[in-house]
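This briefing accompanies the sequence and structure shown below. Please keep both in view while reading.

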Amino acid sequence: MSKSESFSVNLKENRLFPPSEAFVSTANLKRDEYEKQIEIGRKDPEGYWAAAARELKWIKPFSKVLEWNPPFAKWFSDGRLNASENCIDRHLEKNSQKTAILWEGEPENEIVRWTYSDLHDRVIRLTAGLRKLGLKKGDRVAIYLPLVPESVVAMLACARAGLTHTVVFGGFSADSLKDRMIDAEAKAVLTADFGYRKGAKIGLREQVEKAVEYAPTVKHVITLSRADVGTTKSGKSSAAIGKIEGAQEYDWYGLSSSFSKSEAENDGKAEAVEAEHPLFILYTSGTTGKPKGIVHSTAGYLTGAMRTTRDVFDLKPNDLYWCTADIGWITGHTYVTYGPLALGATVFLFEGAPTTPTPGRFWEMIERHKISILYTAPTAIRTFMKLGSEWPGKSDLSSLRLLGTVGEPINPEAWMWYRETVGGSRCPIVDTYWQTETGAIVISPVPGAVATKPGSATFAQPGFDVDVLDKQGKPVPLGEGGYLVIKKPWPSMARTIHGDPDRFKQAYFSEYSGGIYFTGDGGRRDEQGYLWCLGRVDDVLNVSGHRLGTMEIESALVSHPRVAEAAVVGRPDDLKGQAIVAFVSLKADSVKMLGTDEVKLKALKEELRSHVGKEIGALAKPDDIRFTDALPKTRSGKIMRRLLRELATNGVVKGDTTTLEDLGVIAALQAKDDD
Ligand code: WT7
């Protein structure tokens, strides 16, 4: 990771929104208590986190708190516990009949409501099923599902058996799924025949079929029939229903309904795993190479998830909480599944697109179920804003009491719209900054205690030592831009990159010495000490809150037979945050063949877009492709990304974009500066 940008931030935002008295009066963490927690976290972070960890249910309590050999941390290492037991069993005594999951499918009449007892039943059955296939503690299992309630069951069943899950977002291609399963050496994959998206059926099993062919470690495919979502008994066989290239395929409910209640209870018992046992691997994009498998622990991760969910979302027993993320992302792991369920909350899930069948769908569901907490992404908010205030205006949103955002910086206009139009000017907004690697929220207001400011994530959570440093590692003065770092270890931090501890060190702990974690983001503290998270300063893009490496997209482009070289940069986009622009030079024979034939060049652009879609997934398709005879490079051969970003943003090269752009001249002009 390289710190390549300089900062020129000049945000002046002085509007402050303290929480209303009504909100404060019932808040879990009021100002005094919050300040106390901040103080404890500052003076004695290990003590702070040990107390948080003691709120988990331990099978064997821990005595050690932290072992820190930078960049490798162990937390609570001599304890044993099970994440699934923490998320389900411990609520059964008092809350077995409380709703754990309320789900709406994209087709509007599909609703599933599961109590904690129902969830327990589903999870122990699947756990027993996974064990029946011979899977055991430490094995890796891929999950490739639409956002159906069974996706949560899949995660919790893996956790219960001590299997390390790796969820792959259903929008990723067969190739991406294959790469991840190979890297994780997954022995099994849980999938579904299809899911719904914008009215269409998106086939998942067919992608699995293609991926498994090249992923030799995968021996079992467990397929959920979309028609069975929410059922108990399927009447289907528990035996293998077919073969997929080297693996046996089983029907999800056929397998999990093959046990009597007592068999399921017995074979579905929670494994007592070590605190540091890897709960999951989640792949995310970096600056170089293939996506990295971020490894998270069991106890430390769950401690961070539970504590931040409690503090940031002010969860109460009667809340209906909705985090709109897919389980394919870290937000879905921490704030759909592990955090809220560890607290015994009621979680709402929605399978589909926010605008299907109409742009009012989100708001209708909020009214229908009386959702009280909504946590979504700035890109969604900007899309709703564009669709018009009349859509949220049609529904009664008075059940909402708290709003959250995550994934990218939120512009003050979108923040104000969210506050006024969705939150009726009464709901606090928590702008939460964190990353796949941090496991849990790092910077966010605690809503009953902190006055918010549009666009600022405000302050670090208790127990986190966040700072803004310059290149040399010195804290920058208030008001100035620098690099966002975390100076002390925290329980939910990533433990390593699967199979590549050196890359872990290189990626996060090599910019600064002394065990300081570099986020890859720019930051700034304003005159009042409020933190502003300014987005990536490396070659990582943030497209609609999704993280993509420019290198990954470049490799996908270059793997096309007509492409010689490619450089990918981000350009600011009103809706998506960043749009993907690819500069592509073609191989000589292709240039000869295509010449300046606009129709053919246009067709090739489309072909390249679908090629990237096939290699990575639709979310990585470039918005613009520009053909160029050569990429502008410095004399030492480095692609001049700064120039390309400028070109992409300001469209310096105007005119017909289907013709070849001669960047050579501009490059020559710039070469002096960049050398
Ligand atoms: C990157 C992490 C973990 C949340 C989902 C994304 C950006 C995230 C904010 C925010 C400004 C933010 C950063 C970060 N980001 N939240 N509130 N304000 N930027 O997780 O895919 O690991 O991406 O998202 O650039 O590094 P991720």
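The model is predicted, with local features requiring pLDDT of at least 70 and side-chain atom pairs counting only at pLDDT 80 or more, whereas totals for chains, interfaces and linings use all residues. Residues are numbered from 1 along each chain as its sequence is written, and side-chain values use heavy atoms, with hydrogens and water left out. Helices (H or I, at least four residues) and strands (E, at least two) are DSSP runs numbered from the N terminus.

**Ligand site**

- The ligand is surrounded by 17 residues, a residue being near a molecule if one of its heavy atoms lies within 4 Å of it. The closest are D431, T432, T436, D521 and R547.
- This shell comprises six nonpolar, six polar and five charged residues. Here Ala, Val, Leu, Ile, Met, Phe, Trp, Tyr, Cys and Pro count as nonpolar, Asp, Glu, Lys and Arg as charged, and the others, Gly among them, as polar.
- A backbone N or O atom of E408 lies 3.4 Å from a nitrogen atom of the ligand. A polar contact is a pair of N or O atoms within 3.5 Å; within protein, one must be able to donate a hydrogen and the other to accept it, and residues adjacent in sequence count only if both atoms are side-chain atoms.
- The ligand taken alone exposes 560 Å², of which the protein buries 95%. Accessible areas come from the Shrake-Rupley method with a 1.4 Å probe, and for residues only the protein chains shown count as cover.
- Helix 12 (330-342), strand 22 (429-432) and strand 27 (531-536) are the elements that give two or more residues to the shell around the ligand.

**Sheets and strands**

- Strands of a sheet pair through backbone hydrogen bonds, either parallel or antiparallel. Two strands are taken to pair if DSSP finds at least two bridges between them.
- An open, antiparallel sheet is formed by three strands in the order 1-4-15. Strand 1 (58-60) and strand 15 (273-274) are at its edges with a single partner strand each, so one side of each has no neighbour in the sheet.
- Strand 4 (residues 80-81) pairs with strand 15 in the antiparallel sense over two bridges, and L81 stands opposite V273 in strand 15.
- Strand 5 (residues 99-104) is mostly covered, with six of its six residues buried. Buried means under 20% relative accessible area, exposed over 50%, and partly exposed in between (1.4 Å probe, protein chains only).
- Strand 5 pairs with strand 6 (residues 111-115) in the antiparallel sense over five bridges, and the two form a hairpin with six residues between them. Strand 5 also pairs with strand 19 in the parallel sense over four bridges.

**Helix 6**

- Helix 6 (residues 149-161) has 13 residues and reaches 19 Å from its first C-alpha to its last, close to the expected 18 Å. The expected span is 1.5 Å times one less than the number of residues.
- Helix 6 is largely enclosed by the rest of the structure, because 13 of its 13 residues are buried.
- G162, with a positive phi near 75°, follows helix 6.

- The peptide bond from P70 to P71 is cis, with omega near 5°; P71 is in the loop between strand 2 (66-69) and strand 3 (72-75).
- T356 and P357 are also joined by a cis peptide bond, with omega about 0°; P357 lies in the loop between strand 19 (346-350) and helix 13 (361-369).
- F76, in the loop between strand 3 and strand 4, has a positive phi near 55° although it is not glycine. F76 is buried at 0% relative accessibility.
- S425, in the loop between helix 16 (412-422) and strand 22, is another residue other than glycine with a positive phi, near 55°. S425 is partly exposed, with a relative accessible area of 38%.
- N69 is found in strand 2 and counts as exposed at 54% relative accessibility. The C-alpha atoms of N69 and G515 are separated by 8.3 Å, although these residues are 446 residues apart along the chain.
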